[in-house]
Amino acid sequence: MKLSTKNLIPFIFFINIKIIQSKAQPIEDDYTNKTKQASETKDIEQNIRNSITDEQLDSFTYGDEEFKLAIIGDSGVERESREVMKLTKYDALLHLGNYDYKCSPHKYFDTMLDSDRTYQFMGILGNQEGDDQCPGKLRDYEDILYEEMTNSKNSGVKCEFSSSKAMWSCVYKNMRIIGLSQNISGVDSRSEQLYFLKKHLDHATEDWKICAWHYYDKYYHTGKNPQDSERNLISEDGDSFYDYCKDHGAIILNAHDNVYARTHVMSKFKSPMIDEYDKHNDGCVVQIRKGATLDILNGVGGNEIYIEQGEEKDYSHWQKKYAKGENDENAKRFGGLFCQFNYGGNNKKAYCELLRINSSEKVFDSFYIYQNEDPNHVSYSQIDKNFKNDKINAYIASNNDKNNHSTKGDSGEEDSVDAMDQIVDKVFTKTNIIIGGTESYRALANLSSIANDNFKTSLTKNEDIDNGYKLDKTTNSPPLSMNDRLSLFLNKTKLINESSVFDQTSLMDNFSITSSSKKTDTMDRESINSNDAISLISHKFGNNSGANSISTRSNSFRSFSNIYNQINNNNVRFNTIARLDLMNETK
């Protein structure tokens, strides 16, 4: 057996793990240690969070995939209609009905929808597609809509149609849209429409829900057709379709009245009641939940813009609206509503803009939508804050994971050295253990009991010891016993034994340092820390003279790495700390 430092050091580590696991006792109160550790960890985490910039977060993908939904109604097939569709890019288009006004079923789909479109398409029937407006054409419109929504171009949307094809429920990403054709001439009855709505909304689990139909109830138009204020075109005399969607937190979209009008968040639609959390809101932020939502009437897609008149235009529940204008100033300012859902990855947030053509003010209306089930205790700003905190946590975890799982390069031994350095950096920290010198000495002394008495090799033939501590080779030293050899070796190498307690940020005072039989000065508190330990290990394993320094480090750390894995896997926190140091060779 050849007693070399290369073999000795890993063996010291192994013995100490067993000793410390079985014998080490906490010196300080465990509660105090845990409190200090928690406080220090919290400070470190906060420093890390504060160092992350908005640019870093913006470049980090987190949360649900953001998508933009274009919402257009009453477009026709005019030149302006196409300009509206080009106002911005979008991922999906929801059309609220009235595709053309000439009973030409294929015209809109052949001339308006791009033949090579990449966006998804969903559309409901409008009154211009009904039997009363276009006798015998309704089935053609239904078939074309069905084809456009189920063909290969629309593979991102999964739809379920009624047997008549006049109603559908589609899922796009984390949104469910239910399209009805209530009161359109020639389609399913009111009871069938309500049944379809309940069937697909009752158990909807998607984050976002939308109810879409073409017509409106009497309180939700702006007066172009006064006769419509005498009846509910959607709900009729029964249960309110609006309130049913509201109870499920679904956004309501409709058209037919060729204006743009957005309500406050409503807690009741049948007899209009503004939600208490939205009464004094300026409209820039909308908070919806189960039991409170908004209705958006959007019929300015390109065919014509109507006037507003009568009491309907002055209803207090309108939050934002525009029509043709007293001097027809908006007559050609057609537009569409474009909403980004999962805004910034947040599945509780959306951002919407009503964009117009032929206007110096392209954006007429803009607002955020938050899904907030408890506005009494949680503000929308808290929703943003919570999401940002979650994103920061994910960002930190992602970067840690990249660091921990980065692949090795092809640079050979240097990669191995770098890997070992990472192990040292992780183990020799203020929350991990540095192996105790005193326990090491005691364990090594006990090794003499397993030594072979016939062990014949003398220290003068031990190359590792000879290299660092020259003996007088002119004399013939007699063979020594294992115990004597260990004692001589430790004395000659000035092995410093230290028994101490590592307490988060400092070491206890009065470290006793013994070299042979002499005591040296007590080491200064600040001179013993995790960085010293790292330097020490680097000195021992990395600063060997000669060309073999890298391979020596790599080989020696193999044993050390196994020990580190035991520490890490067992999740053991040790309280007894010591420091093994090799003093500079005395010249």
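Reply:
**A loop, a strand and the chain around them**

Asn-358 sits in the loop that links β16 (349-356) to β17. Strands here are DSSP runs of E with at least two residues, helices are runs of H or I with at least four, and both are numbered from the N terminus. The model is predicted, so local features need pLDDT of at least 70 and side-chain atom pairs count only at pLDDT 80 or more, while totals for chains, interfaces and linings use all residues. Residues are numbered from 1 along each chain as its sequence is written, and side-chain values use heavy atoms, with hydrogens and water left out.

Asn-358 is not a glycine, yet its phi is positive, near 60°. Its relative accessible area is 48%, so Asn-358 is partly exposed. The classes are buried (under 20% relative accessible area), exposed (over 50%) and partly exposed (in between), using a 1.4 Å probe and protein chains only.

β17 spans residues 363-371 and includes Asp-365. Asp-365 is buried because its relative accessibility is 2%. Its side chain makes a polar contact of 2.9 Å with the side chain of Arg-262. Such a contact is a pair of N or O atoms within 3.5 Å; within protein, one must be able to donate a hydrogen and the other to accept it, and residues adjacent in sequence count only if both atoms are side-chain atoms. Leaving aside residues up to four places away in sequence, Asp-365 touches Tyr-260, Arg-262, Lys-320, Cys-352, Glu-353 and Leu-354. Contact means heavy atoms within 4.5 Å.

β9 covers 260-263, and the loop between β8 (251-254) and β9 holds His-256. His-256 is another non-glycine residue with a positive phi, about 75°. At 12% relative accessibility, His-256 is buried.

Now the whole chain. Its secondary structure comes to 15 helices and 22 strands. Of its 587 residues, 48% are buried. Take contacts between residues at least 6 apart in sequence: 71% join residues at least 24 apart.

The largest nonpolar core has 98 residues, and Leu-69, Leu-93, Met-122, Leu-197 and Phe-341 touch the most other members. A nonpolar core is a set of buried Ala, Val, Leu, Ile, Met, Phe, Trp, Tyr and Cys residues joined through side-chain atoms within 4.5 Å.
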